Amino acid sequence: MEYINNELCLGPLKKPLLPLCANYMRPIYVYDLDFVAQRYQAMTKALPGTRVFYAMKANPNVEVLQKLKHLGAGADVVSLGEIKRALESGFSPQDIVYSGVGKTRHEISEALTLGIYQINVESLPELERIGAMARSLGKRASVALRLNPDIDIKTHPYIATGLKDNKFGMELSLIPDLVKCLQTYSDSLELVGISLHLGSQMLEFSGYQEALKRLKTVYVDLQKKFDTLTRFDFGGGLGIFYDRLDVELEESLLKDYANITLETLGDLQCELQTEPGRWLVGHCGTLIAQVQYVKKTSAKTFVIVDAGMNHLIRPSLYEAEHLIFPLKKTMEVMKADIVGPICESSDFFAKERTLGKVQEGDFVAIMDSGAYGYSMASLYNLQELPLEICL
Ligand SMILES: Cc1ncc(COP(=O)(O)O)c(C=O)c1O
């Protein structure tokens with residue numbers, strides 16, 4: 001983030017945001033595709049030989065997807081809707097890894113018919129369902145077992161997925177039953193990989209390293225039984241800093257993550273796969289909103305903007321903090337709660353925040369909202385969805 005000529009700019013190429021508001025109608029998500037490319041290239045450089053499947057739940061904007069496809073990414077999807085969006089955006093079925101705990105018969109049938117590269121299986125009944133359905137369709141499904149090593153990565157509980165009381169993945173004690181099922185359906189199931197995803201917004205890696213070690217042992221054991229097993233998907237989850245934009249600091253975090261991964265798995269001689277979302281796109285987007293009112297009460301000052309929790313739910317849902325700046329630099333500052341129009345007291349972007357002084361009609365940027373922003377937007381209160389613009 002930087003002001004040039006007193007105007008807030010986005011990304012490494014410092015693209016000005018204010019001109020986008022010339023005919024402002026409603027809140028706008030702005031994504032900087034050059035910034036996305038920079039992040040993708042940093043990640044592929046840090047993880048040589050690893051196939052990157054972009055977790056499109058973070059941001060399924062078609063232009064973002066096309067950019068990542070063009071750069072060489074695959075797609076990690078969790079629904080038929082995401083499969084369709086990925087295909088529309090230029091990915092082929094062989095570029096797609098399909099995760100998710102609740103795949104329906106219809107979704108599995110479509111995935112099998114399309115010939116999706118890899119289905120990450122999250123339960124024994126799902127494995128049985130895929131085996132039976134593939135058999136009746138005369139197909140052989142390429143499956144990876146998503147394993148849950150019961151490891152805490154110290155993130156917000158709503159985005160932790162690798163603990164035994166989470167619904168995700170399968171306990172290691174289930175492996176003998178999984179092996180039996182794979183053998184029962186050996187004509188219709190091909191075990192190609194194991195997979196792991198411990199959660200999101202991971203900024204510390206001791207738990208992650210322990211998980212890799214545990215699953216490496218599992219991988220080596222399973223490979224003795226299944227010579228088709230050639231892929232190790234170590235998931236996504238690498239976090240970003242929301243309280244600053246320091247590209248060097250984040251690239252050094254990436255380096256630590258990559259070193260741990262490659263030191264632990266590098267000798268496996270398999271296809272390494274990763275499923276990052278937030279790290280690739282989080283900083284590359286911002287949500288522009290317009291100040292409607294500055295409301296003063298005996299307790300507080302509220303800056304009421306036209307974007308709300310319906311557009312960006314992260315502060316309400318995860319108590320996430322996003323930096324907020326006026327698009328036009330101001331010398332004076334104010335302290336306020338920045339809130340939306342939605343009829344919930346949880347509809348806030350920041351509380352007791354010191355920010356550049358704004359007034360009715362001014363625009364603000366709610367920074368670092370390129371991941372889990374638009375993709376989690378809703379129609380609550382029948383407010384319109386925000387616009388999206390790619391730069
Ligand atoms: C299976 C799976 N893979 C990858 C991701 C991407 O996580 P992140 O955006 O934190 O990298 C998620 C996110 O929840 C996920 O559920």
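# Briefing: strands, ring pairs and ligand contacts

Thr-217 is partly exposed, with a relative accessible area of 48%, and its place in this predicted model is in helix 7. The side chain of Thr-217 reaches back to the backbone oxygen of Lys-213, at 3.2 Å. The points below turn to the ligand, the aromatic rings and the strands.

**Ligand surroundings**

- There are 14 residues around the ligand, and those that come nearest are Ser-200, Gly-237, Glu-275, Arg-278 and Tyr-372.
- The protein buries 91% of the 400 Å² that the ligand exposes when it is taken alone.
- Ser-200, one of the residues that come nearest to the ligand, is placed in the loop between strand 11 (189–195) and helix 7 (206–225).
- With a relative accessibility of 10%, Ser-200 falls under the 20% limit and therefore counts as buried.
- The side chains of Ser-200 and Arg-278 are joined by a polar contact of 2.9 Å, and Arg-278 is likewise among the residues that come nearest to the ligand.

**Aromatic pairs and charges over rings**

- A pair of aromatic rings is described by two values, the distance of the centres and the angle of the planes.
- The count of aromatic pairs in this model comes to eight.
- In one of them, the rings of Tyr-29 and Tyr-374 have centres 6.1 Å apart and planes at 75 degrees, which is over the 60 degrees needed, so the pair is edge-to-face.
- This pair links distant parts of the chain, 345 residues apart, with Tyr-29 in strand 4 (residues 28–31) and Tyr-374 in the loop between strand 19 (363–366) and strand 20 (387–390).
- Tyr-29 is buried, with a relative accessible area of 0%, whereas Tyr-374 counts as partly exposed at 25% relative accessibility.
- Phe-53 and Tyr-117 form a stacked pair, with 6.0 Å from centre to centre and 20 degrees between the planes.
- Phe-53 lies in strand 5 (residues 50–55) and Tyr-117 in the loop between helix 4 (105–114) and strand 8 (118–121), so their pairing ties together parts that are 64 residues apart in sequence.
- Both Phe-53 and Tyr-117 are buried, and Arg-51 lies over the face of Tyr-117, at 4.7 Å from the ring centre.
- Lys-103 lies over the face of another ring, that of Tyr-98, at 5.3 Å from the ring centre.
- Phe-205, Tyr-208, Phe-234 and Tyr-257 are linked into a cluster by ring pairs.

- An open sheet is formed by three strands in the order 1-2-3, with antiparallel pairing.
- Strand 1 (2–4) and strand 3 (15–16) are the edge strands, and each of them pairs on one side only.
- Strand 2 (residues 7–10) and strand 3 run antiparallel and are joined by two bridges, and Cys-9 stands opposite Pro-16 in strand 3.
- Lys-15 is also found in strand 3, and Lys-15 is buried, with a relative accessible area of 14%.
- The side chain of Lys-15 is joined to that of Asp-34 by a polar contact of 2.5 Å.

**Strand 19 and its partners**

- Phe-363 and Ala-365 point one way from strand 19, Val-364 and Ile-366 point the other way, and all are buried.
- Strand 14 (residues 285–296) runs antiparallel to strand 19 and is joined to it by four bridges, and Ile-288 stands opposite Ala-365 of strand 19.
- Strand 16 (residues 324–326) is likewise antiparallel to strand 19, through three bridges, and Ile-324 stands opposite Ile-366 of strand 19.

How values were computed
Residues are numbered from 1 along each chain as its sequence is written. This is a predicted model: local features need pLDDT of at least 70, side-chain atom pairs count only at pLDDT 80 or more; totals for chains, interfaces and linings use all residues. Side-chain values use heavy atoms; hydrogens and water are left out. Two strands pair if DSSP finds at least two bridges between them. Rings of Phe, Tyr and Trp (its six-membered ring) pair if their centres lie within 6.5 Å; planes under 30 degrees apart count as stacked, over 60 as edge-to-face and the rest as tilted. Buried means under 20% relative accessible area, exposed over 50%, partly exposed in between (1.4 Å probe, protein chains only). A charge sits over a ring if NZ of Lys or CZ of Arg is within 6 Å of the ring centre and within 35 degrees of the ring normal. A residue is near a molecule or strand if one of its heavy atoms lies within 4 Å of it. Accessible areas come from the Shrake-Rupley method with a 1.4 Å probe; for residues, only the protein chains shown count as cover. A polar contact is a pair of N or O atoms within 3.5 Å; within protein, one must be able to donate a hydrogen and the other to accept it, and residues adjacent in sequence count only if both atoms are side-chain atoms.
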